[in-house]
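Let's take a walk through a protein model together. Keep the viewer open and turn the model as you read.

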Amino acid sequence: MGMKTPISTSFNLPNGKEVVIETGKLATQADGSVVVKVGDTMIFATACSSREMREGQSFFPLSVDYQEKFAAAGRIPGNFFRREARLSEYEILTSRLVDRAVRPLFPDGYMFETQIILNLISADKEELPDAYAALAASAALTASDIPFGGPISEVRVARIDGEYVVNPGRTELQKADIDIIVAASLDDVMMVEGEMKECSEMELIEAIKTGHEAIKVQCNAQLELAKLVGDKAINREVAVTEVDEELLGKIKDFSSDKILTIAKGAHNKGDRKKGFSAIKDELKEHLLETMGEEYMDEKGGMVSGYFYKLQKEIIREMVMSENIRLDGRKLDEVRSIWTEVDYLPAAHGSAIFTRGETQSLTSLTLGTKLDRKMVDNALDNHYENFILHYNFPGFSVGEVKPMRGPGRREVGHANLAGRSLKQVLPDDSPYTIRLVSDILESNGSSSMATVCAGSMALMDGGIPISGGVSGIAMGMISDGKRAAILSDILGDEDALGDMDFKVTGTKNGITACQMDIKIDGLPYELMEKALMQAKEGRLHILDEMNKTLESTREDLKPHAPRIISLEIEKSFIGAVIGPGGKVIQEIQAETETTINIEEVGDKGVVTIASSNKASIDAALKRVKAITYVPEIGDVYEAKVASVMPYGVFVDFMGKSGLLHVSEISHSRIDKVEDVFKQGDDVKVKLVGIDKKTGKFRLSRKALLPRPERNGGGDRRPPRNDN
């Protein structure tokens, strides 16, 4: 059996770079499989969907896993097992980008287990593969018979030197002041996520438009691939469960008015949940009484789903037609806010941010460079000195939930909050900064509460951020003709809306955003309106935060580690470290400090950390003594280290030099030991440095008055200065 003949299409990015999509060569037993090639970068994607549905399946079981093979970059994994292990945070975030883009495009009611696997199998280190992962996933689905309403694609849009660039290289991206990923179909933008350096709403929309134009080309290439694949790309028939209109009618007749009453009651989360649950229980009892056990045995399993669907429709109509929200607020009204800082006396900074029924307690910890987080991905090995962790325990929503560590949602929320705050951190901070947000209550928008609490904790801890950062979660409900934009959405509003998006920023502009758009054909004018309403909301929240703490405290907490930085000549790094680390270890042990040294360009940077200022001063003095560069003409207080027939060796400022017998006095000296002994103090002047050896020539004579030549007087040499 010969090699399989692949089918491929290609297109060019706006920068002229060619992208090839190939199928039919690898993994042909999968429902769909493709390889996306960009130069030396190759992403291999497969899509498989079960043809049988699990009994009682009530949600769409889709999984998306993106993993980078270390061999793609010519590396062996650095972990103990030397193999790819669980997904890294970067891989999880890339998986989430793809999942959020493709999930809405499967048919309503499609409950068949579906898996998309994406592997980076070859890599050019300059190419950022996360910008091509969704293209590969969508192409695999489009080339299969899995029912999928695509194609879609994603691109990265960056603004570099004022120009919008699609899928820039890794080095080029470092100069960007806007960095977003846009997902879209031929007609509609579906998702936006990224970070910015305080950009305006209109600048963000311009970046989104640039991305959508590039995506249209990529979608057409996938449609061309599907044509070449032929019958295999025709969607399989899926039996859609028909709606039982009779049962739905009975549910509407009994429940509609009751649901509307609860929806208009401006209840809190708990009471509202109990109210809807009570109506559903009454409904089941009513159906059992009026229709009998046999009817309920047959159709009782559909009641909860139909009830929830009706509840959603009624609430959506209430919001659009009457501008009434579940908790009684106006559409653009933010829930009540209270904040507090310095709540945790032992932390290096802390803040509580509470908005409505959502609460974050965020702590700040300051560490040294030794505490940095190592990121070891196939294409990227570096250290990060800013860490943000987000925890969402079950009690925050009144539930019992096992403590299993952060899931994908927690990783995603932490990433969004971290990107938001990173934009305002000082560039030259010597600290490793860790923020931990513990969500203690949740009713929507806990990631935005994390941003607000994190901003306040940084200011409480004395970190000189360039401005306070607030965040708001927005929602939208639309039927195509009417649209209600909701500020600061509840958890319930998130579930029933057509668009939810989170925007964070300072008073000067946006620092991060995350949009998920669930409706077709969202006009840019409506997106602009939503972003402007979000701006009003986040500025209001920032004003509320400023009532508690308006600017960064002038100093760190008394118990926080103090860190000072010192630049030294690169040639002195070895001297400070010493053989086998002996010198630096001695200084740390004797001064009770933590010292770190690293090369930065053509200099060495020494950081000294301690919560005790006297310890820092002592260590600094030691380091300065080692790295001091003497200059000819300088005068020093020195100590005799050893006595030789030809002079004495003396120590000064951490250095050693020879005071030759001829430079001790203006008078002749027969025996050096008659003048000096080991341990004597002596004042010397640096009179020369040997260019070849670097040895120092010192003189005591140059500091003594020259004797008068009168033919007489005492010619004996004087004793030492002491």
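First, some ground rules. This is a predicted model, in which local features need pLDDT of at least 70 and side-chain atom pairs count only at pLDDT 80 or more, while totals for chains, interfaces and linings use all residues. Residues are numbered from 1 along each chain as its sequence is written, and side-chain values use heavy atoms, with hydrogens and water left out.

Let's begin with a sheet. Strands of a sheet pair through backbone hydrogen bonds, either parallel or antiparallel. Here you can find an open sheet of three strands in the order 22-24-23, with antiparallel pairing. Strand 22 (562-569) and strand 23 (594-600) are at the edges with a single partner strand each, so one side of each has no neighbour in the sheet. From one strand to the next, the twist averages 20°. As for the terms, helices (H or I, at least four residues) and strands (E, at least two) are DSSP runs numbered from the N terminus, and two strands pair if DSSP finds at least two bridges between them.

How many bridges join strand 22 to strand 24? There are eight, and the two strands run antiparallel, with strand 24 covering residues 603-610. Look for Ile 564, which stands opposite Ile 608 in strand 24. Helix 14 (residues 613-627) lies across strand 22, strand 23 and strand 24, and runs at about 160° to strand 24. Such angles run from 0 to 180 degrees between N-to-C directions, with axes fitted as lines to C-alpha atoms, for helices over the stretch in contact.

Now for the rings. The structure holds 11 aromatic pairs. Rings of Phe, Tyr and Trp (its six-membered ring) pair if their centres lie within 6.5 Å; planes under 30 degrees apart count as stacked, over 60 as edge-to-face and the rest as tilted. Tyr 110 and Phe 112 make a tilted pair, 5.1 Å centre to centre with 45° between the planes. Tyr 110 is buried because its relative accessibility is 2%, and Phe 112 is buried too, at 15%. Buried means under 20% relative accessible area, exposed over 50%, and partly exposed in between (1.4 Å probe, protein chains only). Tyr 646 and Phe 649 form an edge-to-face pair, 6.3 Å centre to centre with 90° between the planes. Here Tyr 646 is partly exposed at 40%, and Phe 649 is partly exposed at 25%. Tyr 110 and Phe 112 also belong to one aromatic cluster with Phe 60, Phe 106 and Phe 148.

Finally, meet two threonines. Thr 339 sits in strand 11 (residues 337-341) and counts as buried, at 14% relative accessibility. Which residue's side chain is joined to that of Thr 339 by a polar contact of 2.5 Å? The partner is Thr 548. A polar contact is a pair of N or O atoms within 3.5 Å; within protein, one must be able to donate a hydrogen and the other to accept it, and residues adjacent in sequence count only if both atoms are side-chain atoms. Leaving aside neighbours within four places in sequence, Thr 339 is in contact (heavy atoms within 4.5 Å) with residues including Ile 352 and Met 456.

Thr 9, in strand 1 (residues 7-12), is buried at 8% relative accessibility. A polar atom of the Thr 9 side chain lies 3.3 Å from the backbone oxygen of Ala 221.
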